[in-house]
Amino acid sequence: MRLLRLISWPYLRKHALRSLLTVVGIVLGVAVFVAMHTANQAVFFGFERTVDRIAGAAQLQVSTGEAGFPEEVLERVQAVPEVQIAVPVIEAAAATRLAGQGNILILGVDMTGDRGLRDYDLESGDEAVIDDPLVFLAQPDSIIVTKEFADRNHLSVGSQLPLSTMVGDKAFRVRGIMRSGGLTSAFGGNLAVMDIYAAEQVFGRGRRFDRIDLKVKEGVPVDRARAALQQALGVGFDVESPSARGQQLESTLAVYAITMNVSSVFALFIGMFIIYNSFSIAVTQRRSEIGVLRALGAPRRQIRDLFLVESAISGLLGSVAGIALGIVMARAMVGSISSMLEGIYGVAERADEVSADPRLLGTALAVGVLTSMLAAWLPARSAARVDPVQALQKGRYQVLTAGESRARRVAAAILTAAALACLWIGTSLWFYAGYVLTVLAALLLVPAASLWSARALRPLLKWIRPVEGSLAADSLIQSPRRTSGAVAALMLSLAQVIGLGGVGRESYNSIVDWLDTALNPDLFISGSQNLSDRTFRFPKSLGDEIATVPGVSEVQPVRSFRVPVKGTPTLLVVIEMASFEKRGHRAMVAEDSRGMYRLTEAGQGVIVSDNFARLQRMEIGDRVDLATPAGRITLPIVGIITDWSDQQGSIFLDRALYERQWGDDTANVFRVYAAPGTDPRVVRRRILERIGPSQPRMLVLTNKEVRDWVLKLTGQWLQLTYSQVFIAVLVAVLGIVNTLTVSIIDRKRELGVLRAVGGFRRQIRQTVWMEAVAIGVVGLALGLLFGAVNLYFLLQITSRDLSGMSLPYRFPISIALMLFPTILAAALLSALWPAESAVRTSLVEALEYE
Amino acid sequence: MNDPQTRLKCVLLVVFAMVTLLAADDPRQIVGESERRTNASSERYEGLLRVIDAKGKIADKRWMFMRLGSHGNSKALLRFTEPAEVKGVTLLIVNHPDRASDQWMWTPALQRERRIALQDRSTRFFGTDFSFEDLEERDVDQFEYRLLGEQAIDGAVCWRIESTPAAKKISQYTRSEVWIRKDTYAFAQVENFVKGDLVRRLKHSDFVQLQGIWTARNLEMTDLRRNSRTILTLEKVQYNIPLREEDFTIQALRNPL
């Protein structure tokens, strides 16, 4: 403690800015770790909490995926002796038409019985109206909103709430406001309750329910009730606890967790090298103090421990700040992650529900402190090895940061061999082990690679500026380990940019290819601008009506919804196979020899997307189990095609088979092909004129509008790359500032001599600038090189565990070209302050030894 | 008295008197007799439903009630006529002697009917203090009875009888106590219990004899848990009027008169 107070504290105070930079390294790593996991957990737990709140006292839920089932099923459920209360539910997301409110989840319930399950704790309203379900039921425009939603939008009982429904924009009358808490907290209050039969009409459900929530009789074990229900309903129905819905999301989020984990490991590695760099500076600057301590009898262990304790304290402070920053970042990130939730429920979880898990914070704190101590280990060991005699000779040059070591290169070679062996085995665990080993091997090679690169750069630098260039290159060559911290951090950061950018760019290109070849209808008729929104359904007869419009050549009704397949919510796309074959120019990956379209049309198989096949490790001939209201069907895979409809994969089923098994003939989207030579815009106008008045919900989108919408969604993926570029620039600035600071301290005498023999201040400045640019160039070269390797791994991860898409390996040259000026400018910028510091060094102090 | 015929008449008179006396103390017979005396092939009335909540706030509704058949084997239609926002909403109740009734509700604004599930019968009848179950007719055979004694209600001496649902009867109530007037065999009061707690009390008053049937024109249901009450006032009561069987069907709900 005394050493900390006497030695460490004055140094920290004197170099407050640099100390801050050290902490920034930890802050950055911990913040990314905390942000990613907190945002992930917030969305997941938010979803679970929402499911619980919406489920109320329901112990079991009966459903058939998203397809819904006929109303008659309710009586079958209610007739099961183990069931006490069973109530039907419809869930629909509706746009509120209120500024900034987005979608609201409409819970359609039967108020005559639903109060047995859910507590509609009403705060205000005409008691006679609100407490009287008769008025609520008699008036189909009745709606009950949450207090949070009412407050946000200045709604009171009697107010009108405009909602986008199947019958067009419709004004609902607020007949009650639910008190805060419980149910009303779901989706941050963006929830409303209406009569289920009114909801069936306005959301085009026909006479079908989405789900039945139920409570079992007192004393009856839930498992027994589940078994009885399953027996009464048959295998086509899922009878699960409400929490099972959370498990569905968990499987969806699991794939994102992989990306997040990779990114946070990278962030921690980057942070580690920044810390390493900062402690190297500290050791260099405090060499004389260490010498005094050693001369006074301080053992090596004490010196080492002093630096380790300092690093632990820095780690602790950095971790605390990192946790705080991470939570702020999580709030910003949760919006994009919760869009997945929107895909399941139609309404986004609100960011104000983000809270950190204490266990995660504890882990982050431990990771921050341990990372910091690990990073400080080498500088601390160097400090412990300081020779007191040399250290006390003022100005005596001592190379503390030794050159690259042969042992490290050997270790890197061994790790590379091990990584290749892991990749050769190939299973998931070994693959990820191979990835980690490759990263470690690359890191071990950084000092050697830095040295080789600096040697290679020397002639170029000398050619640009003979004196300054040579000095700058020599500085890097003499002490490659001093540079390697910054270079390693920069390399990792840029490798992530290249990896993520490459995957993003290839995904984008593949989607464009898919749009060009497969998504070829001239018009799309949908209930929503968002084609993946499955809230609104049209009757099949609408397709027949559209087909009679002059200029329409063909209409494809499409019904899509999610079904659980091997526990993963998978998109089932129902389409008329003959038309699909005729119109769809899908890239075929594999096919049953008897013809995939013919077999699927005959109801003897399904076609699946290649990402489904890859994610589920399935191939032609493997059987897919589908639970339907009419019983379970098991169909072989007869074709695999390239399709980007869903990142979890898609299954294509013939419409006739669907109508038989699900008893549903609705469609989400009608794909319309115009007759040859007919302008699709004219057809669009005719459809709107003829059918629009009777179908106010109907939107007719052109192919271009749909393409633009898909590409806009895809573009969001690329945004991630740009945020990584920002992190790379930050890392470059931090790392280079630190490296140059060490370099200037190490070369104080050399720079002093240069000035004493007539060197200009301009030359000193330029030497430092060139050194900075050289570090930037080396970091760029290694970053692009390792980025090429990282891209391979990220493409593999995408194919294996993320979207299942097999993307071609193409190095993202445009991103690499963009990085050159960005990183070099950042390097130059970071050299400005150290260069001025070098110029202002006292000549007397620098030459004191001489 | 020595005349055998006279002796026989005396014996028969004594036996009849004894049977009547015994029957009068048999709670099941009392309830049965009450049921017999209110028997009518059909019934129609206009009802004013006044809900007075715990804060004293009053809400009124009006309905038209029609019943075909009687006591556990009947069909009833209850059509709301006021206020405007509930006008046309109709409840069809089909009572069965051997099981719980079937109930459907018609909502004109939606043009569709919905079934009121058996599990929902314990819920309040559209904001009143009656539950859906309270609207069902009580058939004497669906309960078991025990005479608890006699007690005066509004000055009229009544039999106090406990009724508990028979094994096959599904009810929200664990047991009920009914008070039947000794003079008219009309129900004077019913108290309903759930696990020992008194939850609802139905009081009959304003008795009048219409077409030979003692009819309470005022029914007041008190919900003791909510501390609110609902008063149903019967107007224009008619019995044994001609009603058509086909008007008491789901199809008829869809095409109201």
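Reader: Among contacts in chain B between residues at least 6 apart in sequence, what percentage join residues at least 24 apart?

Author: Two residues are in contact if their C-beta atoms, placed from the backbone, lie within 7 Å. In chain B, 42% of the contacts between residues at least 6 apart join residues at least 24 apart. For chain A the corresponding figure is 84%. This is a predicted model, in which local features need pLDDT of at least 70, side-chain atom pairs count only at pLDDT 80 or more, and totals for chains, interfaces and linings use all residues. Residues are numbered from 1 along each chain as its sequence is written, while chains are lettered from A and ligands numbered from 1 in the order in which they are written.

Reader: How many helices and strands are there in chain B, and what share of its residues count as buried?

Author: Helices (H or I, at least four residues) and strands (E, at least two) are DSSP runs, numbered from the N terminus. Chain B has 3 helices and 13 strands, and chain A has 30 helices and 22 strands. A residue is buried if 20 or more other C-beta atoms lie within 10 Å of its own, exposed if 12 or fewer, and partly exposed in between, with C-beta atoms placed from the backbone. Of the 257 residues of chain B, 32% are buried; of the 850 residues of chain A, 52% are.

Reader: At what angle do the axes of α17(A) and α28(A) cross?

Author: Two packed helices are described by the angle between their axes and the distance between the axes. Axes are lines fitted to C-alpha atoms, for helices over the stretch in contact, and angles run from 0 to 180 degrees between N-to-C directions. Helix α17 (residues 428-464) of chain A and α28(A) have axes that come within 9 Å and cross at roughly 155°. The two helices, α17(A) and α28(A), are therefore roughly antiparallel (angles under 35 degrees count as roughly parallel, over 145 as roughly antiparallel, 65 to 115 as roughly perpendicular and the rest as oblique).

Reader: Is that crossing left-handed or right-handed?

Author: A crossing is left-handed if the near helix is turned anticlockwise from the far one by less than a right angle, and right-handed if clockwise. The crossing of α17(A) and α28(A) is right-handed. The residues of this contact divide into 17 nonpolar, 5 polar and 1 charged. Here Ala, Val, Leu, Ile, Met, Phe, Trp, Tyr, Cys and Pro count as nonpolar, Asp, Glu, Lys and Arg as charged, and the others, Gly among them, as polar.

Reader: How does α28(A) meet α29(A), and at what angle?

Author: Helix α28 (residues 761-800) and helix α29 (residues 813-839), both of chain A, have axes that come within 8 Å and cross at roughly 145°. This crossing of α28(A) and α29(A) is right-handed. Its contact residues comprise 20 nonpolar, 3 polar and 2 charged.

Reader: Which backbone values in chain B have B:D154 and the bond from B:E82 to B:P83?

Author: Most residues other than glycine have a negative phi, and most peptide bonds are trans. Phi of B:D154 is near 50°, a positive value, and this residue is in the loop between β7 (143-153) and β8 (156-165) of chain B. B:D206, in strand β11 (residues 197-210) of chain B, has a positive phi of about 55°. The peptide bond from B:E82 to B:P83 is cis, with omega near -5°. B:P83 is in the loop between β3 (73-82) and β4 (90-94) of chain B.
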